[in-house]
Amino acid sequence: MTPPENASAARRQRQARNVVLIALLVGFAGAMLGVIFGIWSGSVIGPDAWLIGILGTVTSGLMILLWVKPAMVISVITGLLTVYFAFHLNAGAIIVYQATEELVRVIPYLVWFFPLVVFHQFTNFGFHKRAISTLVSLSPLPMAAYVLAHPTVPIAIEALDAMVTFLFSFYIFVMCFGFFTRHRDEEVQRAARAEEADRSAAVLRVSEERFRLLGLATNDLIWDADLLTGKVWWSDSLLTTFGYDPAGPDTDLRSCQNWIHPDERSRVVNSFDRVIERGESDWTSEYRFMCADGRTLDVASRGLVLRDESGKPIRVIGSTTDVTALRALEQKLRQSQKMEAVGQLTGGIAHDFNNLLTIILGSAEALADINTNNPDAHALAKNTIQAAERGANLTSRLLSFARLQALTPEHLDPGELLSGIEGLIRRTIDEDIEIGIKIASDVMPVEVDRSQLENAVLNLVINARDAMPDGGRMTIEAKNVTLADDDLLHFEDMKAGQYVVIAVTDNGCGMSRDILERAFEPFFTSKEVGKGSGLGLSMVWGFVRQSNGKAQIYSEPGEGTTVRLYFPAVNKRAVQENTLTAAVGVVGGTESILVVEDNELVRQHVATQLGRAGLSGQSSSLRRRGARHHGQWLAD
């Protein structure tokens with residue numbers, strides 16, 4: 001199918017093929033008539049017969065070539081036919097003049113030189129056109145030279161005048177028709193160029209529209225960089241996501257390098273240049289992107305390098321994706337996995353250490369009872385008890401972080417709890433710190449361990465106090481929130497529903513990003529040596545997680561910190577229906593007590609303590625693969 005931009009040329013070529021075919025048919029038909037009525041009848045002999053035979057042979061051969069190779073009709077066939085017609089007209093005119101010596105008999109041949117010029121200009125589309133044009137322009141000269149070289153005496157002057165007039169008219173026609181054809185070709189070329197320009201503009205518009213729609217269909221930033229001019233086309237995401245106007249003055253290839261964070265600019269630019277210099281086609285890089293409003297986003301850029309026929313890079317088409325949320329989610333996942341691993345390790349150590357402390361503390365209490373009359377030994381036992389209790393408090397915090405702490409959850413009102421410890425909170429903070437407690441009137445109850453929640457709030461208050469050594473403002477609030485399915489992206493391991501948030505906010509020094517990522521890790525502290533154990537926030541984190549909640553920290557250096565504790569809300573009707581069961585004292589008797597514990601030392605220690613209390617206890621070891629059983633009293 002002929003392309004649309006060549007419609008005019010294709011139409012001319014079809015017309016030229018038709019003219020060539022008609023010329024061949026006319027020539028062949030004339031040759032056949034000459035053979036039938038001239039050669040076979042005997043009226044045409046000698047050179048005329050040969051000329052008719054050659055005409056039939058040439059036209060029939062060219063028609064066969066046209067049937068075999070149709071594409072050669074406007075190149076080889078038309079060129080050969082033009083050359084043959086020039087030869088045929090000269091030969092025919094010379095033969096006729098030689099036989100009759102009458103100039104008037106030559107006129108039919110002279111007239112055909114004019115259509116020959118038109119035929120050549122109209123049908124030849126480039127097959128040695130310049131050389132054949134020269135041949136056609138000079139084609140009447142052999143015949144004219146022969147006539148002038150062999151004049152008849154009576155009409156020599158008339159023959160000379162006729163030949164000069166003919167040649168003058170012929171060359172005037174050649175020049176005029178040549179000017180016309182050149183002008184026509186220029187017009188055709190201009191029209192073709194205009195049509196090509198329109199088509200290119202339409203293709204460009206379609207391409208730009210496709211790019212624009214692609215930019216609208218994706219949140220990614222689509223860009224097209226011209227390496228020769230340095231200009232860059234940007235999609236609308238440059239404005240909506242990063243805040244820069246795509247039509248602004250500073251959006252070229254060099255200026256956009258300033259959007260890369262200074263710490264990573266040289267690395268990114270060098271990687272881009274290296275891909276281009278090495279002849280590679282794919283470029284990828286991740287870096288921090290500085291937005292127009294001062295924000296910094298994590299982005300991933302990809303580009304495809306386009307090259308010309310010589311391999312020279314000319315364009316780079318690519319995209320830039322905002323991966324800030326993805327990287328933050330990956331970081332949260334890694335942090336969660338790390339906290340889980342540390343919790344498992346910490347819980348195992350704390351559990352074993354707690355078993356040892358149980359024995360130490362029990363033995364120390366026994367020694368204190370035995371040595372009541374020995375002051376020195378009694379004092380040593382008391383010191384041992386105090387040290388063991390401090391160790392037990394430490395293991396309690398570690399178990400809380402590992403979510404292995406024994407909790408006593410109950411339904412309680414967060415507002416009443418905060419009001420109950422308000423006095424303790426105010427005595428804990430300095431006088432130059434302003435405190436405000438905001439409790440929503442409709443705050444719902446929660447099911448948590450009261451003492452652990454009080455300790456968690458006090459821990460947060462102490463941390464907020466230490467973050468404001470020069471005074472400031474602290475706010476403690478409790479309110480209801482509802483988490484939808486879309487919110488769970490930032491609350492892993494939680495379900496959609498109603499929650500109660502207890503938040504402690506200060507306007508102190510805040511935390512940097514590095515400190516914020518490790519704030520909940522056990523034994524990590526940013527305080528001076530001796531002023532922090534590094535277990536406060538880790539204990540809060542473990543307690544909240546064990547209570548099916550979530551602890552989150554929001555902090556900015558120099559702005560302050562907010563710690564929010566999310567607890568599942570409990571329906572108030574369920575709280576009202578919850579009844580307390582009165583404790584019934586244990587009445588001694590002939591009970592048989594079975595002590596079950598996987599640690600032999602602890603099991604023996606408990607059995608000894610029962611014996612000392614006047615009870616009969618039986619020690620038994622109970623093990624099960626993959627499980628650890630803590631001390632249980634089973635009565636029958």
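**Legends to the close-up views**

**View 1. Isoleucine 433 stands opposite glycine 472 of strand S9.** The model is predicted, with local features requiring pLDDT of at least 70 and side-chain atom pairs counted only at pLDDT 80 or more, whereas totals for chains, interfaces and linings use all residues. Residues are numbered from 1 along each chain as its sequence is written, and side-chain values use heavy atoms, leaving out hydrogens and water. Strand S7 pairs with strand S9 (residues 472-483) in the parallel sense over seven bridges (strands pair if DSSP finds at least two bridges between them). Lysine 438 has glutamate 477 of S9 as its bridge partner. Helices and strands are DSSP runs, numbered from the N terminus (H or I, at least four residues, for helices; E, at least two, for strands).

**View 2. Five strands form an open sheet with mixed pairing.** Their order is S7-S9-S10-S12-S11. The edges are strand S7 (433-439) and strand S11 (550-556); each has a single partner strand, so one side of each lacks a neighbour in the sheet. From one strand to the next, the twist averages 15 degrees. S9 and S10 run antiparallel and are joined by 10 bridges; threonine 482 has glutamine 498 in S10 as its bridge partner.

**View 3. Helix H15 lies across S7, S9, S10 and S12.** The helix runs at about 35 degrees to strand S10 (497-506), and strand S12 spans 560-568. Axes are lines fitted to C-alpha atoms, for helices over the stretch in contact, and angles run from 0 to 180 degrees between N-to-C directions.

**View 4. The largest nonpolar core has 40 residues.** Such a core is a set of buried Ala, Val, Leu, Ile, Met, Phe, Trp, Tyr and Cys residues joined through side-chain atoms within 4.5 Å (buried: under 20% relative accessible area, with a 1.4 Å probe and protein chains only). Ile425, Leu453, Val457, Met474, Leu565 and Phe567 have the most contacts inside it. Helix H15 (residues 450-466) supplies the largest share of this core, seven residues. Beyond its neighbours within four places in sequence, isoleucine 425 is in contact (heavy atoms within 4.5 Å) with Ile435, Val457, Leu458, Val461 and Ile476. Another core, of 34 residues, lies apart from it and includes Tyr84, Val106, Leu116 and Met163.

**View 5. Helices H2 and H3 pack at an angle of about 170 degrees.** The axes of H2 (residues 47-68) and H3 (residues 76-100) are 11 Å apart. H2 is therefore roughly antiparallel to H3 (over 145 degrees; under 35 counts as roughly parallel). Residues of H2 including Leu51, Leu55, Val58 and Leu62 meet residues of H3 including Leu80, Tyr84, His88 and Ile95. By class, this contact comprises 14 nonpolar residues, two polar and one charged (nonpolar: Ala, Val, Leu, Ile, Met, Phe, Trp, Tyr, Cys and Pro; charged: Asp, Glu, Lys and Arg; polar: the others, Gly among them).

**View 6. Helices H6 and H7 pack at an angle of about 25 degrees.** The axes of H6 (residues 129-138) and H7 (residues 140-149) are 5 Å apart, and the two helices are therefore roughly parallel to each other. Val136, Ser137 and Leu138 of H6 make the contact with Pro140, Leu141 and Pro142 of H7. This contact has five nonpolar residues, one polar and no charged.

Technical notes. Angles under 35 degrees count as roughly parallel, over 145 as roughly antiparallel, 65 to 115 as roughly perpendicular and the rest as oblique. Buried means under 20% relative accessible area, exposed over 50%, partly exposed in between (1.4 Å probe, protein chains only).
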